[in-house]
Amino acid sequence: MAAHRKPRQRSVSGTKARTAATIALAGAATATGFDGTGHAEPQLTPAQVKAKVDKLYQEAEVATEKYNGAKEKAEAAETRLATLQDQAARQTENLNSARDALGTMAAAQYRDGGLDPALQLALSADPDQYLDGAEFAERAGSRQASSVARVREQLREIEQLRGAAHIELASLQSRQAELKRHKMAINSKLDAARQLLSQLPTEERAQLGEDGADRASRSSTTARDGLAAPGSATAQAPNSRAAAAVSYAYAKLGSPYVWGATGPDAFDCSGLVQAAYRSAGISLPRTTYAQIDTGRRVSRSELLPGDLVFFYSAISHVGIYVGNGQMIHAPNPSAPVRLAPISEMPFAGATRVV
């Protein structure tokens, strides 16, 4: 029989020593956290916060333009799908009508087709009348064959329409998934920017111009005071449509930035440009990277009011040039539609729409 062993007594002094060591380590870690040494994040200056926030806004704008492009393609796929479905429905109605006609014809043929044609002639009380009827039946047979051929063609067309609709549906679902990805990327960048800004005292946020509605109001007033009227800009525009687009942009100074918006009360950068030229009777593509291929390219030294000016290597931002090195643009969620120098961002090119 196994011997019973007496449980080991834990060393009180050992336990106390370990507890003391744990407390000491915890205290050291706490002290490290409070005195800002070790692995703690260094405190960013307002200028560093602004640089990070600007970068996040620029990355969000890249994602916004991708979102806009995917949305445009999704809407086009949705339109094509609806058209194909309507065509298939109409063809199905035609097919059903043709099948009904064939059914009526087949029933009549079944009723009259019990006797051999030679015997029918022999038994007929009026052979001439019978021969006339036989000739009519032959013509009816030709019409029946034609009807069958039409039904077969309609079936093929319906299958083709359904196949095309299936492809469009797959395209639409792919675009919708793409939209969701870009939307998540945009919101992630904007949330990160807001989080950075929230860590600053109110005074420093105000210095960066990030204090919301008050800032938007000041920006609107400043922009309008700095440019009492768009008269000089519209006078220098190359034509009446460019002048109309410039005039529209002036009228929208102070409107809020909302990603994906095309007006009339809120805009993103390419949405403002699209809306301005739409007011002048010109349809522009939705995205910056498509808008830069509209019209003809002009150099920076050739700029005239109404020209579109583009920024960053990814062509992710656009404004409307209004003269004197200035543009009107929708910057980002931190600021409303406003006047700004084109030198404030990396210039990528310009185009004259008309």
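This is a selection-by-selection tour of a predicted model.

Residue numbers start from 1 along each chain as its sequence is written. Because the model is predicted, local features need pLDDT of at least 70 and side-chain atom pairs count only at pLDDT 80 or more, while totals for chains, interfaces and linings use all residues, and side-chain values use heavy atoms, with hydrogens and water left out.

**Stop 1: the sheet**

Select β1 to β6. Strands here are DSSP runs of E with at least two residues, helices are runs of H or I with at least four residues, and both are numbered from the N terminus. Six strands make an open sheet with antiparallel pairing, in the order β1-β6-β2-β3-β4-β5. Two strands count as paired if DSSP finds at least two bridges between them. β1 (296–298) and β5 (338–341) each have a single partner strand and stand at the edges, so one side of each is left without a neighbour in the sheet. From one strand to the next, the twist averages 40 degrees. Axes for such angles are lines fitted to C-alpha atoms, for helices over the stretch in contact, and the angles run from 0 to 180 degrees between N-to-C directions.

**Stop 2: across the sheet, pair by pair**

Start at β1. This strand pairs with β6 (residues 347–352) in the antiparallel sense over three bridges. Select R296 and find R352 of β6 opposite; then select V298, whose bridge partner in β6 is A350.

Move to β2, which is joined to β6 by four bridges and runs antiparallel to β6. Here F310 has G349 of β6 as its bridge partner. Next, select Y312, in the loop between β2 and β3. Y312 is not a glycine, yet has a positive phi of about 75 degrees.

Continue to β3 and β4, an antiparallel pair with three bridges. I320 has I328 in β4 as its bridge partner. The hairpin of these strands has two residues between them, and N324 takes a positive phi near 55 degrees there.

Finish at β5, which runs antiparallel to β4 and is joined to β4 by four bridges. Select H329 to see R338 of β5 standing opposite.

**Stop 3: the helices across the sheet**

Which strands does helix α8 lie across? Select residues 240–251: α8 lies across β3 (317–323) and β4 (326–329), at about 105 degrees to β3. Contact here means heavy atoms within 4.5 Å. Now select residues 269–278, helix α9, which lies across β2 (308–311), β3 and β4 and runs at about 50 degrees to β3.

The loop between α8 and α9 holds P264. Select G263 with P264 to display a cis peptide bond, with omega about 5 degrees.

**Stop 4: the cavity**

The structure holds one cavity of 30 Å³ or more. A cavity is a set of points on a 1 Å grid over the protein atoms alone where a 1.4 Å probe fits but cannot get out, and lining residues have an atom within 4 Å of a point. The volume of the largest cavity is about 50 Å³, where volume is the space filled by probe spheres set on the points, joined across faces, edges and corners.

Select Y57, A60, E61, T64, I186, L190, Y257, W259, P331, N332 and P333 to show the lining. Helices α2 (46–112) and α4 (127–198) each supply at least two of the lining residues, and α2 gives the most, with four. By class, the lining has eight nonpolar, two polar and one charged residues. Nonpolar means Ala, Val, Leu, Ile, Met, Phe, Trp, Tyr, Cys and Pro; charged means Asp, Glu, Lys and Arg; the others, Gly among them, are polar.

**Stop 5**

D54 and K50 form a salt bridge, with the closest N and O atoms 2.8 Å apart. The rule asks for a side-chain nitrogen of Lys or Arg within 4 Å of a carboxyl oxygen of Asp or Glu, and the count by this rule comes to eleven salt bridges.

Methods. On a 1 Å grid over the protein atoms alone, a cavity is a set of points where a 1.4 Å probe fits but cannot get out, and a pocket is an open set with protein on both sides within 12 Å along at least five of seven lines; lining residues have an atom within 4 Å of a point.
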